[in-house]
Amino acid sequence: LAHLDLSGNRIGAEGAGRLAGVLGECTALAHLDLSSNRISGWRHAEVVRSCHALTRLNVGFNKIGAEGAEVISKVLGEAKVLAHLDLAYNKIGAEGAAVLAGVLGKCQAL
C-alpha cells in the first residue's frame, strides 16, 4: 500500500491512534490523507512515528491546536523522508506556529 486517503471519515483522536499501530506495518506507505477527520491533540503524531516511508501527510481540517503542533514538532525529526506536511485549518495559533518554526529548519526533506 503506497497511498491511503481516509479524508472526511470522522475518525477522531481514538481512531487515529488505532490506525497508527496498523499503519506502521505498511512499510511502503508514502502518502496518507487524514484531513477532515476531527483528530485532536497529539494522536496524529503517532501516525508520523509509525510510517517511516511517509513522504506526504495531510492532516488539514482537524482539531490539532497548539498542543498538537508542539507534539508533532517533536516527531518531525524522526520523519526522515517527509517532504509535504499539510496542517491547514487546525487552530494551531501563534504559540503552535512558533514551536513549529523552531523545528522546521531541522527537517531533512521538508
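**Close-up views of a predicted model**

Y89 counts as exposed, with a relative accessible area of 62% (exposed means over 50% relative accessible area, buried under 20%, and partly exposed in between, with a 1.4 Å probe and protein chains only). This is a predicted model, in which local features need pLDDT of at least 70 and side-chain atom pairs count only at pLDDT 80 or more, while totals for chains, interfaces and linings use all residues. Residues are numbered from 1 along each chain as its sequence is written, and side-chain values use heavy atoms, with hydrogens and water left out.

**View 1. The whole chain, with 4 helices and 4 strands.** Read from the N terminus, the order of elements in the protein chain is β-α-β-α-β-α-β-α. Helices (H or I, at least four residues) and strands (E, at least two) are DSSP runs, numbered from the N terminus. The C-alpha trace of the protein chain spans about 35 × 30 × 20 Å along its principal axes. Of the 110 residues, 42% count as buried. Contacts (heavy atoms within 4.5 Å) between residues at least 6 apart in sequence join residues at least 24 apart in 82% of cases.

**View 2. The surface and charges of the protein chain.** The accessible surface comes to about 5700 Å², and carbon and sulfur atoms hold 53% of that area. Accessible areas come from the Shrake-Rupley method with a 1.4 Å probe, and for residues only the protein chains shown count as cover. There are 11 positive and 10 negative side chains in the protein chain. Lys and Arg count as positive and Asp and Glu as negative, whereas His and the chain ends are not counted. The centres of the two charge sets lie 3 Å apart, with each charge placed at NZ of Lys, CZ of Arg, CG of Asp or CD of Glu.

**View 3. The stacked rings of F61 and Y89.** In the whole structure, the search finds 1 aromatic pair. The rings of F61 and Y89 form this stacked pair, with 4.4 Å from centre to centre and 20° between the planes. F61 is in the loop between β3 (56-58) and α3 (65-75) and Y89 in the loop between β4 (84-86) and α4 (93-104), so the pair ties together parts 28 residues apart in sequence. Rings of Phe, Tyr and Trp (its six-membered ring) pair if their centres lie within 6.5 Å; planes under 30 degrees apart count as stacked, over 60 as edge-to-face and the rest as tilted. F61 is partly exposed at 47% relative accessible area, whereas Y89 is exposed at 62%. The phi of F61 is positive, about 60°, although this residue is not a glycine.

**View 4. S36 and I39 in the loop between β2 and α2.** S36 is found in this loop, which runs between β2 (31-33) and α2 (43-50). Phi of S36 is near 55°, a positive value in a residue other than glycine. With 34% relative accessibility, S36 counts as partly exposed. I39 lies in the loop between β2 and α2 and is buried, with a relative accessible area of 1%. From I39 to R56, which are 17 residues apart along the chain, the C-alpha separation is 17 Å.

**View 5. V103 in helix α4.** V103 is buried, its relative accessible area being 14%. Not counting residues up to four places away in sequence, V103 touches S73 and L76. The C-alpha atoms of V103 and S73 are separated by 6.2 Å, and the two residues are 30 apart along the chain.

**View 6. A79 in the loop between α3 and β4.** The relative accessible area of A79 is 12%, and the residue is buried. A79 and A101 are 16 Å apart in space, C-alpha to C-alpha, and 22 residues apart in sequence.

**View 7. L19 in helix α1 (residues 12-23).** L19 is in contact with L6, I11 and L34, leaving aside neighbours within four places in sequence. Between L19 and L32, 13 residues apart in sequence, the C-alpha to C-alpha distance is 11 Å.
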